[in-house]
Amino acid sequence: MTPTSALDPQHCPLCGQPNQCAMEVQAATGVQQPPCWCTQTQFSAELLNKIPEAARGVACLCAACVKASQA
């Protein structure tokens, strides 16, 4: 996984792929979105600790990184 060079709330801070965060889509487009996939997911403390400090509270993880951490 390659982290992104700039903090982009629409990209995963671990791998740099689009995170598909419904909240960010809504913020960017103004179009109401259904609840984000992340609201139905459990995140381990170990995975959350991998997020760079500067990205915490700024960018969501992607589903692929969450799934890989659960394997």
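Colleague: How much accessible surface does the protein have, and what share belongs to carbon and sulfur atoms?

Modeller: The accessible surface comes to about 4800 Å², and 55% of that belongs to carbon and sulfur atoms. Please keep in mind that this is a predicted model.

Colleague: How many helices and strands are there?

Modeller: The protein has 3 helices and 0 strands. Read from the N terminus, the order of elements is α-α-α. The radius of gyration is 12 Å, close to the 11 Å that the globule rule gives for 71 residues, so the protein is as compact as a globular protein of that length.

Colleague: What box do the C-alpha atoms fill?

Modeller: Along the principal axes, the box is roughly 35 × 25 × 15 Å.

Colleague: What percentage of the residues count as buried?

Modeller: Of the 71 residues, 25% count as buried.

Colleague: Which residues make up the largest nonpolar core?

Modeller: That core has 10 residues in all: Cys12, Leu14, Cys15, Leu47, Ile51, Ala55, Leu61, Cys62, Cys65 and Val66. In soluble globular proteins, nonpolar side chains tend to be buried together.

Colleague: What does Cys62 touch, leaving out residues up to four places away in sequence?

Modeller: With those left out, Cys62 touches Cys12, Cys15, Pro18, Asn19 and Trp37.

Colleague: Let us turn to Asn19. Is Asn19 buried or exposed?

Modeller: Asn19 counts as buried because its relative accessibility is 2%, under the 20% cut-off. This residue lies in the segment before helix H1, which spans 22-29.

Colleague: Which backbone atoms does the side chain of Asn19 reach?

Modeller: One is the backbone nitrogen of Cys21, at 3.1 Å. Another is the backbone oxygen of Cys60, at 3.0 Å. Not counting residues up to four places away in sequence, Asn19 also touches several residues, among them Pro9, His11, Trp37 and Leu61.

Colleague: And Gln20, what is its phi?

Modeller: Gln20 has a positive phi of about 55 degrees, although it is not a glycine. Most residues other than glycine have a negative phi. Gln20 also lies in the segment before H1, and at 63% relative accessibility Gln20 counts as exposed.

Colleague: New topic: how many salt bridges does a search of the whole structure find?

Modeller: The search finds 1 salt bridge. The side chains of Glu53 and Arg56 meet there, at 3.4 Å from N to O.

Colleague: How exposed are they? I would like Glu53 and Arg56.

Modeller: Glu53 counts as exposed, at 62% relative accessibility. Arg56 is partly exposed, with a relative accessible area of 36%.

Key: Residues numbered from 1 in each chain as written. Predicted model: local features only at pLDDT ≥ 70, side-chain atom pairs only at ≥ 80, totals over all residues. Heavy atoms only, no water. Helix = DSSP H or I, 4+ residues; strand = E, 2+ residues; numbered from the N terminus. Buried < 20%, exposed > 50% of the residue type's maximum accessible area, 1.4 Å probe, protein only. Polar contact = N/O pair within 3.5 Å; in protein donor to acceptor, adjacent residues only side chain to side chain. Contact = heavy atoms within 4.5 Å. Salt bridge = Lys/Arg side-chain N within 4 Å of Asp/Glu carboxyl O. Core = buried A, V, L, I, M, F, W, Y, C linked by side-chain atoms within 4.5 Å. Rg over C-alpha atoms; globule rule 2.2 N^0.38 Å. Areas by Shrake-Rupley, 256 points an atom, 1.4 Å probe, with all protein chains shown as cover.
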